[in-house]
Amino acid sequence: MPLYDTHCHLDFAAFDNDREEVVAAAQAKGVERFMLLGVAAQQWPKLIDVCQQFSAEFRFSLGLHPYFIEQHEVEHIKTLADCFESLSGIAQSQCKAIGEIGLDATCAKPELQLSLLNKQLGLATDYQLPVILHHRKTLDELLKAVRNAGIERGVVHAFSGSYEQANAWVEQGFKLGVGGTITYLRAKKTRDAITRIGVEHLVLETDAPDMPVCGYQGQRNEPQRVKLILDSLAELLQESPNELSSVLWQNSLALFN
Ligand SMILES: [Zn+2]
């Protein structure tokens, strides 16, 4: 029952003291692959470094996350393109997406956010890579940008919308990232959308060290809890975790092939 944590930040300082143990604990729960996310130009070198240390299990994306908007410069788009051009060897084979990019209504500089997003969507087309999207109160605005850019492959990280919104993203060719949110009974709208949309459109993710799974609030989140998210999803869909995990694994591989 292989599991793919398609969204985790294992390069972050929160894991500097015990990264190997965290990976081993996840592997013991069946997590065989980890997608790490680019968030800022200053962070990419360490991200790539960490990924090379775990070359068999780790994949990564590169991008400018709206949450770190204060660190971004317009020139970082050029740095990003240069980075894609200069990747070689193992790192080149591990780089599978552009992300995490998007729009966040709670962060500053909405115009700069949109302009960086559009430029990065352009790079996704140039390099034929899927995109990993961050949203906060911006799901519809984001879909508009993605449609305008003609992007038809990617994942909506931490999907938390209505069934109608889920449908619109799926029609655009996107997978929905299913994380800790569905483990909370109060997340009715998200649980309903995820249950109805069909497992062929889903991938699993933790967003570790953030987004704690129900029962682990206040603790550092870890990729091993992707197993708890799988179990929650299996319960919602009334399917066996084994069968479910093989479909989700295939979805993830197809997206980040
Ligand atoms: Zn993230």
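Both faces of strand E7 are covered, with Phe174, Leu176 and Val178 buried on one side and Lys175 and Gly177 buried on the other; buried here means under 20% relative accessible area, exposed means over 50%, and partly exposed lies in between, as computed with a 1.4 Å probe on protein chains only. Because five of the five residues of E7 are buried, this strand is largely enclosed by the rest of the structure. The model is a predicted one, in which local features need pLDDT of at least 70 and side-chain atom pairs count only at pLDDT 80 or more, while totals for chains, interfaces and linings use all residues. Residues are numbered from 1 along each chain as its sequence is written, and side-chain values use heavy atoms, with hydrogens and water left out.

Strand E7, residues 174-178, is joined to E8 by three bridges, and the two run parallel; valine 178 has leucine 204 as its bridge partner in E8. Strand E6, residues 154-156, is likewise joined to E7 by three bridges in a parallel pairing, with glycine 154 standing opposite phenylalanine 174. Helices (H or I, at least four residues) and strands (E, at least two) are DSSP runs numbered from the N terminus, and two strands pair if DSSP finds at least two bridges between them. Apart from neighbours within four places in sequence, glutamine 172 is in contact (heavy atoms within 4.5 Å) with Leu143, Val146, Arg147, Ile151 and Glu152.

These pairings belong to an open sheet of eight strands in the order E1-E2-E3-E4-E5-E6-E7-E8, with parallel pairing. Strand E1 (3-8) and strand E8 (202-204) stand at the edges with a single partner strand each, so one side of each has no neighbour in the sheet. From one strand to the next, the twist averages 30°. Helix H2, residues 44-53, packs on this sheet, where it touches strand E2 (31-36) and strand E3 (58-62), and its direction makes about 165° with that of E3; axes are lines fitted to C-alpha atoms, for helices over the stretch in contact, and angles run from 0 to 180 degrees between N-to-C directions.

Elsewhere in the sheet, E4 and E5 pair in the parallel sense over six bridges, and leucine 103 stands opposite histidine 135 in E5. Strand E5, residues 131-136, is mostly covered, with five of its six residues buried. Arginine 136 belongs to this strand and counts as partly exposed at 38% relative accessibility. Leaving aside neighbours within four places in sequence, the contacts of arginine 136 are Leu103, Asp104, Ala105 and Thr106.

Which residues coordinate the zinc ion? The donors are His7 (NE2), His9 (NE2), Glu100 (OE) and Asp207 (OD), at 2.1 to 2.6 Å, where a donor is an N, O or S atom within 2.8 Å of the metal (3.2 Å for Na, K and Ca), and sites may look incomplete since water is not among the atoms. Along the chain, these donors follow the spacing H-x1-H-x90-E-x106-D. Distant parts of the chain are linked in this way, with histidine 7 in strand E1 and glutamate 100 in strand E4 (residues 95-104) lying 93 residues apart. The four donor atoms subtend angles of 83 to 170° around the zinc ion, which makes the arrangement irregular; four donors count as tetrahedral if all angles lie between 85 and 135 degrees, four count as square planar and six as octahedral if opposite donors are over 155 degrees apart and all others between 65 and 115, and anything else is irregular. Histidine 7 is buried at a relative accessible area of 0%, and glutamate 100 is buried at 2%.

The backbone at glutamate 100 also deserves a look, for the peptide bond from glycine 99 to glutamate 100 is cis, with omega near 5°. A cis peptide bond also joins alanine 208 and proline 209, with omega about 10°, and proline 209 is placed in the loop between E8 and helix H9 (226-237).
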